[in-house]
Amino acid sequence: PIMIISHQDVVPAEGEWTHDPFSGEIVDGKLYGRGAGDIKNGVFSFYQAVEELLAEGYRPRCDVYLGSSCTEEIGGDGAPKMCRWLQERNIRLFMLCDEGGSIIEDPIAGVKGSFAAIGIFEKGYGDIKFSARSLGGHSSTPPKNTPIARLAAFITEVEKHNPFTVKFCPAVERMFHDLAPYCGSFPLRLVMVNLGLLKPLVKVLLPKISTEAAAMLQTTIAFTMQKGSDGYNVIPQEAWVTGNLRYIPHQGKEESNRIITELAARYGIESEWVTGNDYSRSLDLNGRAYAMTEACIRKVFPGLGIMPYVVTGGTDSRFFDEVCDACVRFTPTAVDADQLSRMHGIDENINANVLPGAVDYYKTLIRMQEER
């Protein structure tokens with residue numbers, strides 16, 4: 001059997017919207033609303049696809065399960081409950097289709113055109129609280145190495161000297177290989193074609209070309225929350241900052257946490273693990289599920305470039321590793337750079353004319369199961 005999932009929950013609609021965030025208003029060809037791009041476009045497309053197949057009298061050769069969790073944005077129990085439902089019935093999936101990739105424009109600098117970005121695995125997630133302590137005191141007679149100063153020195157060290165190993169994984173190597181024919185400049189094409197020889201150079205240059213691509217090569221950390229004292233003239237007895245880590249397979253949760261906590265300890269900083277999970281299993285780039293996804297994309301969207309990529313965010317797919325070896329993270333709708341930036345933001349929207357293509361994709365994918 002196969003399973004197609006997405007999630008129906010959305011993040012809060014804060015700020016001043018041009019169009020009501022829950023109206024589903026269509027203006028100048030764009031459908032506005034919270035969840036328009038993340039990810040009700042997926043949910044309604046595959047339900048519409050199945051309704052159309054049923055209206056045609058179509059009966060699939062294999063079981064097709066549809067799932068829509070209600071807690072993806074908060075990492076809740078919606079997807080785990082679906083997974084347990086499958087386990088309780090001894091159901092093993094051939095393929096799971098979820099969000100994670102989409103049809104994007106100009107994926108990295110120097111590469112022009114539209115590409116279907118297929119997410120083959122997602123990085124892990126971790127929150128760590130870093131705390132520095134002292135006896136406190138009055139700000140008029142400040143000692144050296146106060147809690148805030150130590151935290152600042154630690155953060156600066158991490159920002160200036162990356163503590164994590166940069167390494168090309170098979171997904172990124174394949175991505176560069178598949179993008180090479182589309183390079184607009186000969187030097188860039190030369191680099192991509194000869195990646196095996198030029199990896200040291202690309203490791204240095206990639207962060208300057210694309211932060212998104214660079215994040216696919218290493219564990220990352222972003223400092224997100226902080227607190228010191230409650231008074232302007234008070235040296236805190238404790239100050240803290242939180243770091244959000246995204247783990248890469250060659251340096252997973254355990255090793256990455258050890259590296260960053262040992263570095264923090266050099267500055268007299270304590271580390272407290274808050275929550276998180278390790279990276280997910282990778283989709284086999286040479287397997288049937290990936291090949292079928294490519295074939296479906298070519299059939300429904302002829303001429304569209306195809307590339308695998310590493311999902312740096314999180315999806316519900318990570319919960320299904322126990323019941324499925326082939327988790328495909330791809331929603332067949334096109335989004336531009338502005339629309340990507342508005343997901344979880346003000347005036348989230350999607351072009352209404354991309355939805356029929358998404359419906360056709362899911363109908364084709366279901367029908368293609370007869371060929372395996």
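I297 touches A116, I118, P302, L304, I306, F330 and Y361, leaving out residues up to four places away in sequence; contact here means heavy atoms within 4.5 Å. I297 is also among the residues with the most contacts inside the largest nonpolar core, together with M95, V172, F176 and M192. That core has 63 residues. Another core, of 18 residues, lies apart from it and includes F130, L245, I259 and A264. A nonpolar core is a set of buried Ala, Val, Leu, Ile, Met, Phe, Trp, Tyr and Cys residues joined through side-chain atoms within 4.5 Å. Buried means under 20% relative accessible area, exposed over 50%, and partly exposed in between (1.4 Å probe, protein chains only).

The model is predicted: local features need pLDDT of at least 70 and side-chain atom pairs count only at pLDDT 80 or more, while totals for chains, interfaces and linings use all residues. Residues are numbered from 1 along each chain as its sequence is written, and side-chain values use heavy atoms, with hydrogens and water left out.

Strand 7 (residues 114-122) has 8 of its 9 residues buried, so it is largely enclosed by the rest of the structure. Helices (H or I, at least four residues) and strands (E, at least two) are DSSP runs numbered from the N terminus, and two strands pair if DSSP finds at least two bridges between them. Strand 7 pairs in the parallel sense with strand 14 (residues 305-311) over 7 bridges, and the bridge partner of I118 in strand 14 is P308. Strand 6 (residues 103-105) runs antiparallel to strand 7 and is joined to it by 3 bridges, with I104 opposite F115. In the loop between strand 6 and strand 7 lies D106, which has a positive phi of about 45° although it is not a glycine. D106 is partly exposed, with a relative accessible area of 35%.

N90 also has a positive phi, near 55°, in a residue other than glycine. It lies in the loop between helix 2 (78-88) and strand 5 (95-98) and counts as exposed at 72% relative accessibility. Most residues other than glycine have a negative phi, and most peptide bonds are trans. The peptide bond from D38 to I39 is cis, with omega near -5°. I39 is in the loop between strand 3 and helix 1.

Helix 1 (residues 40-55) holds S45, which is buried at 3% relative accessibility. Beyond residues up to four places away in sequence, S45 touches L355, A358, V359 and Y362. Strand 2 is joined to strand 3 (residues 30-32) by 2 bridges, and V27 stands opposite K30.

A215 is in the loop between helix 7 (211-214) and strand 10 (220-227) and is buried, with a relative accessible area of 15%. Leaving aside neighbours within four places in sequence, A215 is in contact with K123, T220 and T312. A215 and V166 are 49 residues apart in sequence, with their C-alpha atoms 9.2 Å apart.
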